[in-house]
Amino acid sequence: MKKWFKPTIVFVCAALLLAGCQFSPSNQSKQQEITVWSFTDEAGYAIEKFEQQYPDIKVNFVNIPGNFYITKLKSALQTTSKAPDVFMIENANIRELIDVPYLENLSASPYNANELIQEQYAFVQANEKDSEGNVRAIGYQGTPGGIYYRRDLAKKYLGTDDPEKVGSQIDTWEKIFEIGEKVQQLSGNKVHALANWNAISNSYDGIPWVKDGKLVIDPTYLEVLDLVREARERKVLAEYDDGSAGYAASMQKGEVMFYPGATWALQFTFKANAPDTEGLWGLAQGPSAFSAGGTYIAMYSKSDKKDLAWKFIEFYNFNHDFLSELAKEQDYFTSNMVVNDELAPSLSSSYLGGQKHFEFFSEAAKRVPVYERTKYDATINNDIYKIVLQLYLNKDIQTKEEVVKRIKRDVTLRFPELEVD
């Protein structure tokens, strides 16, 4: 025992000395880092929670707000100079970027994202895949829409503020127009049904404009032309521009009954513009199911930290514990159908008069049409169609035939590679 003891003591002392050298502060293994870019600061909560779960990974977050973000992102990806490991893409740009080679193929091993995205809504999945069906970006935000309405105005003019009963009174544009005429007259032109024509046209965003390299004008877009002109002629519209001071004030003052909006509008539109109206709002189904906006997250294909980048992407989109916390603490509706369905019976909003808004949006999300969008759609819709629509509304363009002719002309000029009849 004694013969064994002495050499052992010597060995242990040597080991301790060695260990002391190895774990001295100057020799600790460095914390691993990844860089994440976004056009919004909403990822801050997720990053905080991610770093708590993975204390050995530091996330360097770069927020680049405004239109400059996409230009800067494209430049960084093309030059590989200081390109981020992970980056966010807004819904309006996702189809433009989904086929570029700088987005990692997340369908491949070890990510196998095709299995994971089965937890998401179908309309979100449709935007995540490139032209060959590979997942290149994952949408973490769920953005189904509904009609936000003022409960006090609904009680006064509809006789009820119950979401189901209100919904049955506004399930067609004709019903909304009839209500609009009534409230405009009874209120002495102080209250209108809708804020502006965007309330109608935005309810149909997402319908593709291009199929197989050819311009296709869906009949719905021509029907919207009639709807917006009729709404103006019947004095249904308050005529506030989106984002204007009057538009924001109308929510606080109760000058408009119905505002079509997506999930995020609760936080960033209504609570922001009308903070003193808690309890005065409700959510109901409108004439059409739709979604608006959304944010997608992608990995740089040349990143040398793909394992860390994937940990962050997977955490942000598929970690059920985190997503539940995000929903409860931030009142954030994600794209994860499994988590939303679990929370739907229990989560309610005091701002919406105690309505179970997750239950509403969970059902609304399952009705959102699934479109095969192209990289041309956002530009044609926003920079060509919406401008022509306003010209038609103002009667600077008189007929729908002239509208179609103008759209074809502008698409040909902007995208000469497309076939236009």
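In what order do the four strands of the open sheet with S6, S9, S5 and S10 run? This is a predicted model, and in it the order is S6-S9-S5-S10, with mixed pairing.

## The four-stranded sheet

Let's start at the edges. Strand S6 (192–194) and strand S10 (281–284) each have a single partner strand, so one side of each is left without a neighbour in the sheet. On average, neighbouring strands here are turned by 25° against each other, if you ignore direction.

S6 is joined to strand S9 (residues 256–262) by two bridges, and the two strands run parallel.

Helix H13 (residues 265–273) lies across strand S5 (145–150), S9 and S10, and its direction is at about 150° to S9. H17 also packs on the sheet and touches S5, S9 and S10, making about 140° with the direction of S5.

## The five-stranded sheet

There's also an open sheet of five strands, again with mixed pairing, and its order is S2-S1-S3-S11-S4. Here strand S2 (57–63) and strand S4 (138–139) are the edge strands, each pairing on one side only.

Strand S1 (residues 32–38) pairs with S2 over seven bridges, in the parallel sense. Along that pairing, Trp37 sits opposite Val62 of S2.

A helix lies across this sheet as well. Helix H14 (residues 306–318) spans S1, S2, strand S3 (86–90), S4 and strand S11 (295–299), and it runs at about 160° to S11.

## Two helix pairs

Two packed helices are described by the angle between their axes and the distance between the axes. Take helix H2 (residues 44–53) and helix H15 (residues 320–330): their axes come within 11 Å and cross at roughly 135°. That angle makes H2 oblique to H15, and the crossing is right-handed. On the H2 side, the contact uses Tyr45, Ala46 and Lys49; on the H15 side you'll find Phe322, Glu325, Leu326, Glu329 and Gln330. Sorted by class, that contact has four nonpolar, one polar and three charged residues.

Now for helix H11 (residues 219–233) and helix H19 (residues 400–414), which pack at an angle of about 130° with their axes 11 Å apart. H11 is therefore oblique to H19, and this crossing is right-handed too. Leu222, Leu225 and Asp226 of H11 meet Lys400, Val403 and Val404 of H19. The residues in this contact are four nonpolar and two charged, with no polar ones.

## A serine in a loop

Which loop holds Ser349? Ser349 belongs to the one between helix H16 (337–343) and helix H17 (357–367), the latter being the helix that packs against S5, S9 and S10.

Is Ser349 buried or exposed? Its relative accessible area is 3%, which is under the 20% cut-off, so Ser349 counts as buried. Leaving out residues up to four places away in sequence, Ser349 touches Leu266, Gly354, Gln355 and His357.

How values were computed:
Residues are numbered from 1 along each chain as its sequence is written. This is a predicted model: local features need pLDDT of at least 70, side-chain atom pairs count only at pLDDT 80 or more; totals for chains, interfaces and linings use all residues. Side-chain values use heavy atoms; hydrogens and water are left out. Axes are lines fitted to C-alpha atoms, for helices over the stretch in contact, and angles run from 0 to 180 degrees between N-to-C directions. Angles under 35 degrees count as roughly parallel, over 145 as roughly antiparallel, 65 to 115 as roughly perpendicular and the rest as oblique. A crossing is left-handed if the near helix is turned anticlockwise from the far one by less than a right angle, and right-handed if clockwise. Contact means heavy atoms within 4.5 Å. Ala, Val, Leu, Ile, Met, Phe, Trp, Tyr, Cys and Pro count as nonpolar, Asp, Glu, Lys and Arg as charged, and the others, Gly among them, as polar. Buried means under 20% relative accessible area, exposed over 50%, partly exposed in between (1.4 Å probe, protein chains only). Two strands pair if DSSP finds at least two bridges between them.
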